[in-house]
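Hi everyone, thanks for making time.

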Amino acid sequence: MTQSTTPTTPATKTAATQKNALPRRGIVLLGTFVKPDAPYALIRAGNGRIARVSPGDSVGGLRITAIEPGLVHINRKNKPGRLRIAGE
């Protein structure tokens, strides 16, 4: 099976080498892994724990509805939204 990963942008590369570049609080999208049969993402929850999530999962009060390269579609309290990779 082939797996597609998001290319690392210059902004992400810079943020990865800086202290405190990511927000300390809140939910942060760390990365997406898009395989045709099983896309998943790594999300840091507000408590600092990192979770591997797939469409249909919930984390930090968010329901994951879809995953694309560099983007996670979410639903919170019946309101759609998006998470983009931190640093972009």
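So, in what order do the four strands of the open sheet come? The order is 5-6-7-8, with antiparallel pairing. Strand 5 (58–59) and strand 8 (79–84) are the edge strands, each with a single partner, so one side of each has no neighbour in the sheet.

Quick housekeeping before I go on. This is a predicted model, where local features need pLDDT of at least 70 and side-chain atom pairs count only at pLDDT 80 or more, while totals for chains, interfaces and linings use all residues. Residues are numbered from 1 along each chain as its sequence is written, and side-chain values use heavy atoms, with hydrogens and water left out. As for terms, strands are DSSP runs of E, at least two residues, numbered from the N terminus, and two strands pair if DSSP finds at least two bridges between them.

Let's take the hairpins in turn. Strand 5 and strand 6 are antiparallel and joined by two bridges, with V59 opposite L62 in strand 6. Two residues sit between these strands, and G60 in the turn has a positive phi of about 55 degrees.

E68 has L71 as its bridge partner in strand 7, and A66 has H73. This hairpin also has two residues between its strands, and here G70 takes a positive phi near 75 degrees.

Now, is I67 buried or exposed? I67, which lies in strand 6, is buried, with a relative accessible area of 9% (buried means under 20%, exposed over 50%, partly exposed in between, with a 1.4 Å probe and protein chains only). Leaving aside neighbours within four places in sequence, I67 has contacts (heavy atoms within 4.5 Å) that include V34, Y40, V53 and V72.

Y40 brings me to the aromatics. The structure holds one aromatic pair: F33 and Y40 are stacked, 4.8 Å centre to centre with 15 degrees between the planes. The cut-offs, for Phe, Tyr and Trp (its six-membered ring): centres within 6.5 Å, with planes under 30 degrees apart stacked, over 60 edge-to-face and the rest tilted. Y40 counts as buried at 13% relative accessibility, whereas F33, at 21%, counts as partly exposed.

And there's a charge there too: R52 lies over the face of Y40, 3.5 Å from the ring centre. That label needs NZ of Lys or CZ of Arg within 6 Å of the ring centre and within 35 degrees of the ring normal.
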